[in-house]
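The points are grouped by topic.

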Amino acid sequence: MGVRASVVVCVTSFLLGALFTHWIADSLTLWKSPITDEHLWTAASYYSILAKGPVEILYFLSAIVVLGGTTIIWSLGDGQAGNIMFDGGSIFLFGTTIIMYLYSVLPNIFASFTSLPSHQIRDPFPRALRHVTLELASNNLICSVALTGVLALQAGRFWAESSDEDEFDVLASEDAKGQLSRAKTPDVE
């Protein structure tokens, strides 16, 4: 596995880990039935903590995303057929995640969760905030699946490249054996 593929796998794994931290909130709204006001308040409180967090965290995550995106695009620049297929798919999935986060997730977090109304955990959950909370959970899930797809494509690329190398080694070995047997057999004229 090359350095570029290793960087892409590490960056993608890091971003997946960051998304998995949202499981605290998202599991309550995606996988629990029925969704109660208590679940929604817990998820909203979590997103409120994120919205009020230090901006340096966003800068750090942005730098990680730029590193990953640049590395995938750089790999695609090789022009090899495997790179075009695997890295093209990776760019699509990685780009989809970035676009979803920039145009849906982050704006919803900062617009809706910067200041929550004062409440008790059993108070009725506001209807407008309910839709945003459920949408955030769904978007985080979509981003997680897309990044998992990037990892799968990179694993496929690694498998295809190692399979090609094995095939090349077998052909080179057979060619070397053929040359050796021709060298040992005297030419009869």
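Helices and strands, as named here, are DSSP runs, a helix having at least four residues and a strand at least two, and they are numbered from the N terminus. The model is predicted.

**Annotated regions**

- An unreviewed UniProt entry lists residues 7-25, 57-77 and 84-103 under "transmembrane region".
- In the model, residues 57-77 are 95% helix and 0% strand, and the C-alpha atoms at the ends of this stretch are 30 Å apart.
- Residues 7-25 are 89% helix and 0% strand, with 29 Å between the end C-alpha atoms.

**Aromatic pairs**

- The structure contains 5 aromatic pairs.
- One of them joins Phe14 and Phe60, whose ring centres are 5.8 Å apart with the planes at 80°, so the pair is edge-to-face; the cut-off for that class is over 60 degrees.
- Phe14 belongs to helix H1 (residues 3-20) and Phe60 to helix H4 (residues 55-76), so this pair ties together parts that are 46 residues apart in sequence.
- Phe14 is partly exposed, at 37% relative accessible area, and Phe60 is also partly exposed, at 46%.
- Tyr47 and Phe113 form a tilted pair, with 5.5 Å from centre to centre and 45° between the planes.
- Tyr47 is in helix H3 (residues 37-51), while Phe113 is in the loop between H5 and helix H6 (127-184), so the pair ties together parts that are 66 residues apart in sequence.
- Tyr47 is buried, with a relative accessibility of 1%, and Phe113 is buried as well, with a relative accessible area of 0%.

**Surface patch**

- Trp23, Trp31, Leu141 and Val145 make a nonpolar surface patch of about 450 Å².

**A buried threonine**

- Thr97 is part of helix H5 (residues 81-112).
- Because its relative accessibility is 9%, Thr97 counts as buried; the cut-off for buried is under 20%.
- Apart from neighbours within four places in sequence, Thr97 is in contact with Cys143, Ala146 and Leu147.

Methods: Residues are numbered from 1 along each chain as its sequence is written. This is a predicted model: local features need pLDDT of at least 70, side-chain atom pairs count only at pLDDT 80 or more; totals for chains, interfaces and linings use all residues. Side-chain values use heavy atoms; hydrogens and water are left out. Patches are made of residues with over 30% relative accessible area and no salt bridge: like charges are joined within 9 Å, nonpolar side chains (Val, Leu, Ile, Met, Phe, Trp, Tyr) within 5 Å. Accessible areas come from the Shrake-Rupley method with a 1.4 Å probe; for residues, only the protein chains shown count as cover. A salt bridge is a side-chain nitrogen of Lys or Arg within 4 Å of a carboxyl oxygen of Asp or Glu. Buried means under 20% relative accessible area, exposed over 50%, partly exposed in between (1.4 Å probe, protein chains only). Contact means heavy atoms within 4.5 Å. UniProt positions are given in the numbering used here, feature names are shortened, and annotations may be inferred rather than shown by experiment. Rings of Phe, Tyr and Trp (its six-membered ring) pair if their centres lie within 6.5 Å; planes under 30 degrees apart count as stacked, over 60 as edge-to-face and the rest as tilted.
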